[in-house]
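Here is a friendly tour of a protein model for someone new to structures. Take a look at the picture first, and then we will walk through some of its details together.

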Amino acid sequence: MVHFNMERNTFFYSLLQLSFLVLILKGQQYNLTGSSKFAVLGEAFTWTCDMFLPPGQSVNAVKFYRNHTLCVAIGHLNNECLTDSAHPKYIFRCLSDYVYTLTIPSENMTVYEQGSTWSCEYVFNSIYRSTDVVLKIAIAVHNVSLIPSDNPLTIKEGNREKVRCVVNSNAVPAPNITWYLGSRDITSRVRTDTTSITLTGNRTDNTKTLECRATNNNKPPMTASLTLNVEYPSTINTLSKQDIIEGGVLSVTCHVTPGNPSSTTVYWTKVDNSGFRQNGSTLQLPNIQRNSSDTYRCTAENNYNNGEKGTASQSVVVNVLYPPNVNTLSQRDVIEERDISITCTATPGNPSFTTFWWTKVDNPGFIENGATVELSNIQRNNSGTYRCTAENNYSNGKKGTDSQFTVVNVQYPPTIKTLSQQDIVERGHLSFTCKTIPGNPSSTTVCWTKVDNSGFRQNGATLELYNIQRNSSGTYRCTAENNYSNGEKGTVSQPMVVNVLYQPTIEKRSLQIVNESEEITLIRDIVSNPLSNASWYDGKQMLKTEISVKTATLTIENTMCTDTKNYTLVVSNGIGNTVTAMVDLIVNCKPMPDTMYIILGVTCTTRIEFSTTLMAYPEPFLELQYENGTKNDQMKINITENKVNNFTIRIRQDGFEENNFGVYHLRASNNFGETTVIVNVIKQRKPDIPRNITVTCKVTGAIVQWISSFNGGSTQNFTVITLSGQDGTSIYLGLNDKGENEIHVTYQGNLKPSVTYWFFVSAKNSHGSSLSKAISCTTVKETTSSLTGVFAGGVVGALVLVTIILILVFFVHRRYTCIFTFKIAFEKRNTNMKVDTNKESSNYATIKEQQVHTERDMYDELTQNENASQYEDILKKDNHGNKEKLYEKLQKSIDNDVEGKSPNKMIPLKSKESSDDKFGTEKAEEYVNTSFMK
């Protein structure tokens, strides 16, 4: 064989370079096999490595390893078998390009090689290798022994004993072990490990021989053995039951067969009495009693070598015959209408079979067989004393008898008399007593509860509810209880309805909004007891009445702008006061002015101001246009909300010229439509004559009433002139204007009874005055009882007249403010309008209810100087003739006041909204714009 050196051989270097090109092929293994399964000491042994050439490799060579240490590298190169790093103890050969061997020579096959690990792998890539193979050397069995080594081996019957067969530890291969007991092969008792066997002590195996046989390498078996000594207890013959009558003598003998060891001790014990013991094989019990009935045991013992005892025993039942003993019965309390079951128990006699039956002391006809008496749906009349009797039969035909008594006590609850409903008004005091009849036991507890309120409880028979409230309504329950002996309660109850009556309350809700012409239903829930009657009102007008309702509804089918208001819901149920609630409704609607045509009277050329009102929701957009449709930017528009759907529109223009007279269009619009108001600007003039004058005379005074007319575009004042037909004296009474077509009422006092007076009403503004026709009226004749009042009235009237004269003298001069005032006139004036003095207030306004928030000046008062004498002269002349001349002269006299011919001027009082000094003129009379007020 040629050896090669890897450091000098250039060909080997080329092999190393090629090793980097090796591809790893997983799962490819070499095969290393030995020349035999076991090696033999002193005999040669050969390892053969079968290899394959890995992909991409061209060198056929392998390495051999011993215990993972390289022994040699060997391969075929150029048809030569080459080795490297060869171990000198081994021989290497190339059998072919793919098969290589390593031989351990016989002289080197020693125990040194035992258990060595061998493998082979490809010379350039250890991925290609064999599995590790362990070298095992065959050694024959030459020594066998048993553990434990006791001979004989003592085993207690029933105990388990493990015996191991031990051979020389270096035996290879593992020896084959078989076991024998006597002449019988018992190896089948061993599971997998035959080196040991477990024996169970059995008296039939006593004195038998246990043998272990071990062999390998086809050699004759080697053996080890021992003798068994099985220890076991004695045997006792079966004993039969012993029946004996109480007071007799008992004698029973126990027969025993000895065990191993054979020396035996015999004695008697009692199963339920550890203190009882009689030595010897015969049991003796003289004058036996019932408590001697039991199981007695005969025991035979022998002593084992380990100090334990072998024990055998047999039992015998000793049966002493005696009668039963009935256990004491206690009183039985039972609740009425329940079932009761009373079981009679007895300490059994002997024989133990016992017969029971029940009887009732006060009822000879009552008998019930059996240990248990059943009383179903028991009633109070079932109370009484019951007897239980127990009996057994002796073997001599006699009977053993015993009995006990028990009392049955039927318990039942109290009774409550029927309760009726209690009606009571809220905040009242309810006191009601629940009457009861005692039950058994008789001690009774009474309380009140409320069905829907688990926290409510009042102890005692009387329910007291002070200052009762509506939430106290409900079902109350009177409960009467007595305590049964078993801890339960005898309970009976009666419900009682408490009906708290209370006045209604009306649910609060937010206002409702609806579009014009749509249907709307106003709804309010009513809480009351009893149910309430509900009425809907618009002011004082009743719209609808509902009887006994929880919910009040009012449906408006075709809503209009004028339906925006507070509706009044009046609710009552006869309890307490009537309740009212305001129900708000807003109707979305297009603008609706109070007038479609405005006449604006103008006097000077300084500025113009006017106002009007309209209804709309929501607030309208406003634009003032000329008649040709172009926008007027000279007049400034301001809108003020009076009520939620009522607005005052104020229009103002500084600097007025002649060409500003004419017709304007005021357009008001919102999301729901548009309306146009015609505004006609004209020159101011004197007021129209007051109309519909009426006078009602009393004893010393008169009520004067009239309707105002158009004020000519300027603020007007009224003066009531009263002329006496008796002495020609005159009285003047001033009054402020409340607006066009409004009823004006005043009272003229200081008149004399039974005198005819003439009454005139004068309307006056800065452009002149108008005087009504005279209305005559005769005061009522004075009666005797009224003389005192007349005298007092005359004194007071004189004082008032003097005061007025002093005030008129004080205010001598008057000033005028040159501002434009106006009058809103309807295209069609209602000359017969009446005032509702009982008109109710509302948060919203209708057309007839619209108001502006400008206060008027007080009307001027006439002085009592020249004009007074003029009216007196006229009246005196008129007593002789023409009434028409009287009227004309009176009118002329009033006009002279307006033209400034009279030295005495009426002094007006300034209102809260009088124009500021910016628009005033010195020494001019002041007037305030009030024509837009109604």
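## A hairpin and its neighbours

In strand 68, serine 770 is the bridge partner of alanine 763. This is a predicted model, in which local features need pLDDT of at least 70 and side-chain atom pairs count only at pLDDT 80 or more, while totals for chains, interfaces and linings use all residues. Residues are numbered from 1 along each chain as its sequence is written, and side-chain values use heavy atoms, with hydrogens and water left out.

Strand 67 (residues 756-765) and strand 68 run antiparallel, joined by four bridges. Two strands pair if DSSP finds at least two bridges between them. Between strand 67 and strand 68 there are two residues, and the two strands form a hairpin. Strand 68 covers residues 768-771 and is covered on both faces: Gly768 and Ser770 are buried on one side, Ser769 and Leu771 on the other. Buried means under 20% relative accessible area, exposed means over 50%, and partly exposed lies in between (1.4 Å probe, protein chains only).

## The whole chain

How many helices and strands does the protein chain have? There are four helices and 69 strands. Both are DSSP runs numbered from the N terminus: helices are H or I with at least four residues, strands are E with at least two. The protein chain has 934 residues, and 43% of them count as buried. Its accessible surface is about 48100 Å², and carbon and sulfur atoms hold 49% of that; such areas come from the Shrake-Rupley method with a 1.4 Å probe, and for residues only the protein chains shown count as cover. Among contacts with a separation of 6 or more in the protein chain, 67% are between residues 24 or more positions apart. Contact here means heavy atoms within 4.5 Å.

Five strands make an open sheet in the order 14-20-19-16-17, with mixed pairing. Strand 14 (153-156) and strand 17 (184-185) are at the edges with a single partner strand each, so one side of each has no neighbour in the sheet. Strand 14 runs parallel to strand 20 (residues 222-231), and four bridges join them. Lysine 156 stands opposite glutamate 231 in strand 20.

## Charged partners

Side chains of opposite charge can pair when their charged atoms come close. A salt bridge is counted when a side-chain nitrogen of Lys or Arg is within 4 Å of a carboxyl oxygen of Asp or Glu. The structure holds 25 salt bridges.

| Pair | N to O distance |
|---|---|
| Glutamate 246 and arginine 290 | 3.4 Å |
| Aspartate 688 and arginine 685 | 3.0 Å |
| Lysine 752 and aspartate 727 | 3.7 Å |

Lysine 752 is in the loop between strand 66 and strand 67, and aspartate 727 is in the loop between strand 64 (717-724) and strand 65 (730-736), so this pair ties together parts 25 residues apart in sequence. Are these two residues buried or partly exposed? Lysine 752 is partly exposed at 43% relative accessibility, and aspartate 727 is partly exposed at 34%.

Glutamate 246 is partly exposed, with a relative accessible area of 27%, and arginine 290 is partly exposed at 35%. In the other pair, aspartate 688 has 29% and arginine 685 has 38%. Elsewhere, salt bridges link Glu121, Arg129 and Asp132 in a network.

## Rings and a nonpolar patch

Rings of Phe, Tyr and Trp (its six-membered ring) pair if their centres lie within 6.5 Å; planes under 30 degrees apart count as stacked, over 60 as edge-to-face and the rest as tilted. The count comes to 13 aromatic pairs. One of them joins phenylalanine 45 and tryptophan 47, edge-to-face, at 5.1 Å centre to centre and 80 degrees between the planes. Phenylalanine 45 is buried at 2% relative accessibility, and tryptophan 47 is buried at 2%. Ring pairs also link Phe45, Trp47, Tyr90 and Trp118 into a cluster.

On the surface, Ile703, Val745 and Tyr747 form a nonpolar patch with about 260 Å² of accessible area together. Patches are made of residues with over 30% relative accessible area and no salt bridge, where like charges are joined within 9 Å and nonpolar side chains (Val, Leu, Ile, Met, Phe, Trp, Tyr) within 5 Å. Tyrosine 747 is in strand 66 (residues 743-748) and counts as partly exposed at 46% relative accessibility.
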